[in-house]
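Have a look at the sequence and the fold before reading on.

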Amino acid sequence: MNEAVSSSSLVTVLSLLGSSQTFVYLLSVALLVLVADYTWILYRRWCMPPGPFPWPIVGNTFSLPDTKPWYLFEKLSQEYNSPVITFWIGRNPTVWVNDAWSAHEMLVEKASIYTSRPRMLVFAELGIGQYNLLMMYTFTRAQRERFRAIRKLTHLGLNVEQVKKYQKFQDNELKIAMRDLLVSPDDFVSHFERYATSVVSIIGYGRRTKNKNDPILTEVMNFMKSAAALNVPGKSFPMLMETFPFLAKFPNKIAPWKYGLGSVRESRHSIPDFFLALAIEANSPDRPDNYSKLLFQERERYNLHDLELSQLTANLLGGGADTSSSTLATAVLAMRAFPEACRLAQSEIDRVVGPVRSPNLSDRDNLPYVRAFVKEVFRWRTVAIIGGQPHAPTEDTTWNGYRISKGTWVQGNTWAIHHNSRDFPEPDRFDPSRFLGGSNARPFPTKEGYMTFGWGRRVCPGQHLAEQGTFLGVARLLWAFKIEPAIDEATGEEVPVDIFDYTNGLNWLPQPFKVRFTPRSPEIHKAIQKEAQQAEEGLDMFNIPTEFQFSTFYK
């Protein structure tokens with residue numbers, strides 16, 4: 001019996017030794033893989049633009065601040081004395097361009113290389129994928145051909161000549177926004193949002209957003225703002241999946257960190273997609289001409305998928321509403337914080353336009369200071385603070401002798417570009433004279449003098465519409481109102497504003513602030529009301545209801 005016990009014990013010991021050896025073997029293999037992978041990362045780091053030392057697996061992800069990472073990338077650029085730096089998101093390097101001249105050299109002069117997007121889990125593969133122009137890859141010939149086709153369709157609705165056709169209703173919507181500021185000035189951001197959303201809704205669907213409670217405005221704008229808030233490199237979910245991509249493979253039911261991304265929403269209607277439903281509705285004979293109708297006419301020629309058509313119209317709202325309204329809010333903040341610039345612009349408008357009518361686009365050539373004022377608005381607090389979505393080279397390339405591999409995430413840091421004191425002395429000072437050849441004027445690689453709308457073949461297709469509308473909006477605000485400090489009712493003192501207090505998302509705007517809008521004269525007050533009444537009549541053809549609401553469209 002003792003022999004049997006001894007034999008059994010020996011088997012147990014050998015079994016444990018075998019398990020331990022297996023564990024040690026697996027651990028050794030894992031460590032070797034980790035060391036090999038980290039060695040490869042360090043080699044790549046040595047070849048790439050300078051930047052902080054990455055940790056194994058996590059890279060520099062947990063060095064990211066909780067908000068506004070563009071400040072960190074600007075600081076790192078200064079610390080490493082390099083306009084281009086490398087920052088590791090997990091095992092993947094991201095290249096941040098913090099200088100206008102380097103951005104122009106890489107993303108404009110080499111535009112044919114930097115046309116693609118890198119692999120993006122959160123807003124591409126778990127989102128709309130390759131149906132949206134903004135997310136499309138261009139690594140293969142087929143991808144490039146599709147990208148060119150969709151981009152051409154985008155420009156059919158937003159090219160320079162087409163945008164000129166939108167001047168009348170864009171002008172009318174702004175006249176109504178000025179009247180709304182007379183009625184409820186504290187809601188000025190809402191009035192700007194209504195104006196901007198209405199313009200792109202008329203373009204896309206042939207209907208306007210008549211008031212600030214229209215569901216297209218309240219629901220879609222909230223969705224776009226939420227998406228912009230998420231779409232910033234970060235160390236919290238869902239963006240942390242870019243660091244740990246294996247987490248995206250878990251089913252949504254057991255993966256709350258995915259925030260529902262990648263799931264298919266079920267429609268309550270026969271049409272599966274909300275924006276497709278709006279486009280089909282806009283294609284009806286009783287609607288005025290609009291971009292949706294144009295897309296349906298071109299559908300067969302371009303072999304458009306339903307979701308491609310849907311996303312082409314959705315991009316008008318996503319790219320044109322939030323950004324345009326935020327730009328006007330920034331303009332108001334600048335007018336309040338820098339009254340001298342405001343007075344100079346108003347003096348010019350008074351000489352050229354007078355009080356009995358508002359400025360229009362025919363006045364643009366005669367208002368050089370106002371044009372410079374608008375340019376400074378675009379530069380001072382650029383809405384797309386990190387230049388929109390990242391670029392990626394479609395082949396291995398170099399910058400200044402450093403290697404940038406095919407598919408690398410390359411992002412322009414518009415904040416750093418527009419706040420480089422070499423190009424823009426006293427960059428936080430709002431100074432339109434820097435665009436008029438004054439003492440603060442410096443050379444710049446683009447004719448516009450700013451890089452607000454991105455670069456190369458990924459430049460914002462709505463640039464002409466945005467520049468047209470921002471000139472009209474800024475000129476009309478300057479003509480119509482004194483933008484004065486709000487007064488605290490309890491203390492009787494002026495309410496201060498903070499020019500650095502902005503939101504945290506990809507498209508940022510000022511946090512709520514208070515100002516007073518005072519009509520500059522009785523004649524101007526009367527002209528605002530008269531022009532708004534005429535504008536209402538001109539826009540009546542677009543006062544068309546919609547059957548669909550975003551909040552109730554899906555089950």
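Side chains of opposite charge can pair when their charged atoms come close. Asp37 and Arg91 form a salt bridge through their side chains, 2.5 Å from N to O.

Before going further, a word on what you're looking at: this is a predicted model, where local features need pLDDT of at least 70 and side-chain atom pairs count only at pLDDT 80 or more, while totals for chains, interfaces and linings use all residues. Residues are numbered from 1 along each chain as its sequence is written, and side-chain values use heavy atoms, with hydrogens and water left out.

So what are the two domains? The protein chain splits into domain 1, covering 17-47, and domain 2, covering 61-544; these bounds come from an automatic or database domain assignment. In the contact (heavy atoms within 4.5 Å), 5 residues come from domain 1 and 7 residues from domain 2.

How much area do domain 1 and domain 2 bury between them? The value is about 580 Å², with 51% of it on carbon and sulfur atoms. Buried area here is the accessible area (1.4 Å probe) that two parts lose on being put together, summed over both. On the domain 1 side, Ile41, Arg44 and Cys47 lose the most area to domain 2, together 69% of what that side buries.

Now for the charged pairs. Searching the whole structure turns up 29 salt bridges. One of them joins the side chains of Asp171 and Arg476, at 2.6 Å from N to O. This pair links distant parts of the chain, with Asp171 in helix α7 (residues 167-183) and Arg476 in helix α16 (residues 463-480), 305 residues apart. Helices here are DSSP runs (H or I, at least four residues), numbered from the N terminus.

Are Asp171 and Arg476 buried or exposed? Both are buried. The cut-offs are simple: buried means under 20% relative accessible area, exposed over 50%, and partly exposed in between (1.4 Å probe, protein chains only).

Another salt bridge brings together the side chains of Arg434 and Glu376, 3.0 Å from N to O. Arg434 sits in the loop between α15 (414-418) and α16, and Glu376 in helix α14 (residues 368-380), so the pair ties together parts that are 58 residues apart in sequence. Arg434 and Glu376 are both buried.

Compare that with Arg422 and Asp423, whose side chains also meet in a salt bridge at 3.0 Å, N to O. Arg422 counts as partly exposed because its relative accessibility is 44%, while Asp423, at 4%, counts as buried. Salt bridges can also join up into a network, as they do for Glu173, Arg179, Asp180, Arg194, Arg208 and Glu536.

Last stop: Leu156, in helix α5 (residues 141-158). Leu156 has a relative accessible area of 28%, so it is partly exposed. Leaving aside residues up to four places away in sequence, Leu156 touches Gln162, Leu294 and Glu298. Leu156 and Leu295 are 139 residues apart in sequence, yet 9.2 Å apart in space, C-alpha to C-alpha.

Conventions: Salt bridge = Lys/Arg side-chain N within 4 Å of Asp/Glu carboxyl O. Helix = DSSP H or I, 4+ residues; strand = E, 2+ residues; numbered from the N terminus.
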